[in-house]
Amino acid sequence: MTRPSGHRLGQAQVHLDFHTPEQIGDVGEHFDGAEFAGMLRAAGVDHVNLFAKCHHGWSYYPTDVGRPHPGLTFDLFGAQVQACRDAGLFVGAYYTVGWSAGDLEQHPEWTAIRCDGAPQSINVDHDAAPDDPRPLNSWIYLCPSGGYLELMVSQVREIADRYAPDGFFFDICAGVPCFCARCRAAMASERVEPDEPGAVGAFNRRRWERALAALRGAARIDRHGRWGFFNGTTILYDDAHHVGAVTSGLASFNTHQALEDLPTTWGGYDKLPLRARYFHGSGADLVAISGKFHSSWGEFGGYKSRRALEYEARWMIANGARCNFGDQLHPGGRLDDQTYDLLRAVYRAVEGLHEFIDGARPDSNLAVCPSGSPDDDQGVARALLEAHREFVVAPPARLDPRRHEAAVVAGPLASEETRDLVRFSAGGGRILLLGDALQGWPENLLARTFGVGEARTVPADGDYTSFVGEFEPLGSGLAYNDEPGVRYRSAPDAQILARIHDAFFDRTYGRYCSHRNAPPRLDGSGYAAVHRYGPHLVAAHALGRLYLRHGAEIHRNLLWTLLAAINPRTTIEVEGLPPGGRVTLMYQPCRARTVLHALYAPTVQRGDVVIVDDVVPVSGVTATLRLRREVEAATHGDGALALVRHDDGTVSLALPTIRMHTLVVLTHPD
């Protein structure tokens, strides 16, 4: 069993949920340590996160600090830890932070409070009667300060000293703000006005930083390689659709970054690459967390197909992340046979691929700058993935013209980030600005760098685009945009490539046309939909968001055309693979090689769930590579692949038939 260096993290993990309320008794009555650990080992698992304390507030060991589950008659957590340790598995201790129903019931003063005085909660009707149906995923948040923080610190120290786990998984650390009496008093002492969002946000970050630092210290993180992860700190966006915990620094408390995605119901299979590429930029080790669940966390009796689980595992590895699949243990304490039969097949299928994870990072000269809008960024990422173009994710401060030829900005940036972008431009970098990325700039910078003046949004149902000049091949009609573009004045020396046409009117009861939107005015509005200014391109519409939300091929094609214009020397060009395929290029400097992953297992919508149904072999795929390093040889398995070297420094090769996933190793001279 291969084990990574550094912190004691496994490559093939299971996150074993165990949220068990007091109404269920005889907890762990069917637990057998040898059987438990044996099933995990037989499934190829080398790391399991076990529950010390759950969202119901119960502990699963005889704690002297917290409250043991009333239906527990022995030290279940301790027995699980010992059985797994005897079997050579790494063990993480799960501990809830943000949600703990039992602690809340005993101490209502620990409730996190909104600015309007209501509890901070998710899917909770606070006026519901005990017998009213409860929505799924329904909890009230606690404030990690005062007595609650003292309790957590004491209990985490107890777990660390008593059981010495390999690491701690702290859950629900998403940093929700709080206006409880304790926090209001702290705000007053720090001269923070509760009605100033910026000051309150900074206070909230400091409050969570203090809490995470205290928990990290109690857990003895980094001692003897012990790891620590605070779930909720690796989101790219908070609930207000702004760059969230990443920029607050909370992710820096983690010894690695774990990216929790349930692609069946939480945004699909294209969510992982955007986040993985961001955290690869910080040099972090990554773990990708999905679940065996058909729908979402906490589901009993739901199973993904083997096809879906295997595709997810391969997609995790292709993005340079270790694999972790969530399961939920039955209150009786026995693992589910069907689940571990599935995981055994999946982890056996990818057993030889773990060596391609350590130190791997994406290699591309194209950067996507994370903005304040998840839909904008995710839409651009999806268009790039469907074009099979590798990219990195880097905030403007990380952009380096020596490494990045071009950058895409799909949504609004902070003022200091706009200056970093201008610095990148001055160094020779090309930039594509889309839609709301035109907002929030100092006017002189926007005009001087991008030839844009008087940028403003307009209230309208939508508008239309016509293409001119070199963009005419995109279409001779007037393409509808479900959201209107930003209106801006183009500099006289800007080259207009597409124009905006207004609709006759917005749809109202007083004025409407046919079943949907009003037709376009044939005369242009006088505003550009796309213009080129020097090496840069500006598009008035939020093309990433439009494509993600509405799926019109014209918006993807326009994005592809714009990307090709600012980044003509692509790191990789792929022919013969349908848009449903996926390609990554991961550089492993420690092994002097680049790994090309090509996958094809198109997803389909089934009810509310996205699934992998058919796995169809794809042959005849070729790739042309423009890497920073000389390619010495290309191999697939034990066989060599023919390389064609071109005068422009690129190399081409034919990929082996893709049966869900194929992997090519490109070695570089030492």
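Close-up 1. Arg628 is partly exposed at 42% relative accessibility, where partly exposed sits between buried (under 20% relative accessible area) and exposed (over 50%), using a 1.4 Å probe and protein chains only. This is a predicted model, so local features need pLDDT of at least 70 and side-chain atom pairs count only at pLDDT 80 or more, while totals for chains, interfaces and linings use all residues. Residues are numbered from 1 along each chain as its sequence is written, and side-chain values use heavy atoms, with hydrogens and water left out. Arg628 forms a salt bridge with Asp363, with 3.2 Å between the closest N and O atoms; the term covers a side-chain nitrogen of Lys or Arg within 4 Å of a carboxyl oxygen of Asp or Glu. Asp363 sits in the loop between β11 and β12 (366–369) and Arg628 in the loop between β28 (622–625) and β29 (633–636), so the bridge ties together parts 265 residues apart in sequence. Helices (H or I, at least four residues) and strands (E, at least two) are DSSP runs, numbered from the N terminus. Asp363 itself is buried, at 6%.

**Close-up 2. Glu355 and Arg591, another link between distant parts of the chain.** Here the closest N and O atoms of the salt bridge are 3.9 Å apart. Glu355 belongs to the loop between α10 (337–349) and β11 (361–362), Arg591 to the loop between β24 (582–588) and β25 (593–600), 236 residues apart. Glu355 is partly exposed at 34%, and Arg591 is partly exposed at 44%.

**Close-up 3. A buried pair, Lys304 and Glu312.** Their side chains meet in a salt bridge, 2.9 Å from N to O. Lys304 has a relative accessible area of 5%, and Glu312 has 2%.

**Close-up 4. A salt-bridge network.** Asp375, Asp376, Asp436, Glu483, Arg545 and Arg549 are linked up by salt bridges. A search of the whole structure turns up 42 salt bridges.

**Close-up 5. The largest cavity, about 110 Å³.** Five cavities of 30 Å³ or more are found in the structure. A cavity is a set of points on a 1 Å grid over the protein atoms alone where a 1.4 Å probe fits but cannot get out, and lining residues have an atom within 4 Å of a point. Of the 13 residues lining the largest one, Asp261, Pro263, Leu272, Trp315 and Met316 lie nearest its centre. At least two lining residues come from each of α8 (271–280), β9 (286–291) and α9 (306–318). The lining splits into eight nonpolar, two polar and three charged residues.

Note on methods:
1 Å grid on protein atoms, 1.4 Å probe; cavity = no way out; pocket = protein on both sides within 12 Å on 5 of 7 lines; lining within 4 Å. Points joined across faces, edges and corners; volume = space filled by probe spheres on them. Nonpolar A, V, L, I, M, F, W, Y, C, P; charged D, E, K, R; others polar.
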